[in-house]
Amino acid sequence: MRKQELLDLVTPIAELVEAKGGDYQNKVTLEQYFPFGDKSYIHMLNTKVLRLISLAGKPGDPSFESVKDSVYDLVAYSAFYIQYLNSKAPK
C-alpha cells in the first residue's frame, strides 16, 4: 500500500473523530474517558475486536454498527492509544 492510499483510507476516520469530538469533548477530557490508562485503552480495543468477531459469525447485515463502523472505531481508538503512549514517552 502506498502512502497516499493509506491517507485516503484514514482521512474519513480522522474526520469522524473530529466530528465526534465536538459531541464528546466539551468539558470532559479524553483522559477522563480512559481513566485507567493502558487498561482502559486495551479494554476499548478488545470491545471493538469482540464486536467484529460477533459480526463475522452472524449471517446478514447488523441492525446497527456495521463491520466498517467497527473497524473505523478500532482505528480511532488505536490512534487515541498511540497519542496516550506518546504522551507517556520520555522526552
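**Exercise 1.** Is G37 buried or exposed?

*Solution.* The model is predicted. Start with the location: G37 sits in the loop between α2 (30–33) and α3. Next, take the relative accessible area of G37, which is 11%. The cut-off for buried is under 20%. G37 is therefore buried. Now look for a contact partner: Y84 touches G37, along with D38 and Y41, leaving aside residues up to four places away in sequence. Finally, a distance: 25 residues separate G37 from P62 along the chain, and their C-alpha atoms are 31 Å apart.

**Exercise 2.** Check the span of helix α3 (residues 38–56).

*Solution.* Count the residues: α3 has 19. At 1.5 Å a residue, the helix should span 27 Å. Compare the end C-alpha atoms: they lie 27 Å apart, which agrees.

**Exercise 3.** Which residues of α3 are buried, and what do they pack against?

*Solution.* List them: S40, Y41, L45, K48, L52 and L55 are buried. View α3 down its axis: these residues fall within an arc of 135°, so they line one face of the helix. Turn to the face away from this buried side: there α3 carries the exposed residues K39 and I53. Then find the partner: the buried residues of α3 pack against α4 (67–88).

**Exercise 4.** Which residues make up the largest nonpolar core?

*Solution.* The core has 9 residues: L30, F34, Y41, L45, L52, L74, F80, Y81 and Y84. Assign them to elements: α3 and α4 each give two or more. The largest share, 4 residues, comes from α4.

Technical notes: Residues are numbered from 1 along each chain as its sequence is written. This is a predicted model: local features need pLDDT of at least 70, side-chain atom pairs count only at pLDDT 80 or more; totals for chains, interfaces and linings use all residues. Side-chain values use heavy atoms; hydrogens and water are left out. The expected span of a helix is 1.5 Å times one less than its number of residues. Buried means under 20% relative accessible area, exposed over 50%, partly exposed in between (1.4 Å probe, protein chains only). The arc is that of the directions from the helix axis to the C-beta atoms. Contact means heavy atoms within 4.5 Å. A nonpolar core is a set of buried Ala, Val, Leu, Ile, Met, Phe, Trp, Tyr and Cys residues joined through side-chain atoms within 4.5 Å.
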